[in-house]
Amino acid sequence: MKKFFVLFFLIFSTAVYATEIPMDIAVLRGLDKVTGRMSTFSIPVGEVGQFGKTFVVPEACYTRPPEEFPENSAFLYVFEKSLKGENIEMFKGWMFSSNPALSSMEHPVYDIWVIGCEKDENKIQSQTASNVEDVAKEQSQKDVVLPSDEIISIQEGTSFIPSVVEMEEL
């Protein structure tokens with residue numbers, strides 16, 4: 001009977017680990033505390049990206065499958081260049097998207113945290129002809145067509161002055 005309980009305990013006491021999927025691009029968000037501006041930027045793993053006067057190097061980026069608890073984690077090096085040209089390390093370690101305060105970067109001007117991880121589309125192998133046709137069909141279904149009663153026409157002699165938002169997009 002004791003052997004049964006020991007065997008039962010050993011079988012059901014094993015820890016269950018979440019599956020991590022390695023990704024190619026770290027998606028980060030930065031806050032400039034002086035201006036109050038936030039920026040979202042992507043940096044490929046192993047390459048150097050810049051936010052303000054800081055330089056960020058993601059060494060690894062992992063995500064989990066959709067059926068598990070959502071989590072993105074990235075191992076980051078964050079450094080600044082001194083006036084002498086030396087690299088000053090500001091942060092080195094793991095950051096987690098579900099809990100940015102767990103391992104945060106302490107800097108007087110900038111905050112940086114992980115938003116997500118993505119696959120690099122350029123690294124994915126080319127698709128076969130049938131897959132290309134499927135993608136083309138999906139794209140044609142996504143095209144937005146306005147109903148005829150919502151089409152706006154501009155009469156002759158009417159001047160069009162774009163708004164501030166439209167000017168920024170131009």
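Colleague: What share of the 170 residues in the chain is buried?
Modeller: This is a predicted model: local features need pLDDT of at least 70, side-chain atom pairs count only at pLDDT 80 or more, and totals for chains, interfaces and linings use all residues. Residues are numbered from 1 along each chain as its sequence is written, and side-chain values use heavy atoms, leaving out hydrogens and water. Buried means under 20% relative accessible area, exposed over 50%, partly exposed in between (1.4 Å probe, protein chains only). For the 170 residues in the chain, the buried share is 25%.

Colleague: Which pattern does the chain follow along the sequence?
Modeller: Helices (H or I, at least four residues) and strands (E, at least two) are DSSP runs, numbered from the N terminus. The chain has three helices and eight strands. Read along the sequence, they give α-β-β-β-β-β-β-β-β-α-α.

Colleague: Is Thr54 buried or exposed?
Modeller: Thr54 is found in strand β5. Contact means heavy atoms within 4.5 Å, and beyond its neighbours within four places in sequence, Thr54 is in contact with residues including Val78, His107, Tyr110 and Ile112. Its relative accessibility is 0%, so Thr54 counts as buried.

Colleague: How far is the backbone oxygen of Phe51 from a polar atom of the side chain of Thr54?
Modeller: A polar contact is a pair of N or O atoms within 3.5 Å; within protein, one must be able to donate a hydrogen and the other to accept it, and residues adjacent in sequence count only if both atoms are side-chain atoms. Here the backbone oxygen of Phe51 and a polar atom of the side chain of Thr54 are separated by 2.6 Å.

Colleague: How many residues apart in sequence are the parts that Cys61 and Cys117 tie together?
Modeller: A disulfide is a pair of cysteine sulfur atoms within 2.5 Å, and those of Cys61 and Cys117 are 1.8 Å apart. The torsion about their S-S bond is about -80°, so the disulfide is left-handed. Cys61 lies in strand β5 (residues 54-63) and Cys117 in strand β8 (residues 110-118), so the separation of the joined parts, in residues, is 56.

Colleague: How many aromatic pairs does the structure hold?
Modeller: Rings of Phe, Tyr and Trp (its six-membered ring) pair if their centres lie within 6.5 Å; planes under 30 degrees apart count as stacked, over 60 as edge-to-face and the rest as tilted. The number of aromatic pairs in the structure is six.

Colleague: Which strand holds Phe51, the partner of Phe41?
Modeller: Phe41 and Phe51 are stacked, 5.3 Å centre to centre with 15° between the planes. Phe41 lies in strand β3, and its partner Phe51 in strand β4.

Colleague: What kind of aromatic pair do Phe75 and Tyr77 form?
Modeller: Their ring centres are 5.4 Å apart. The angle between the planes is 85°, and the pair is edge-to-face.
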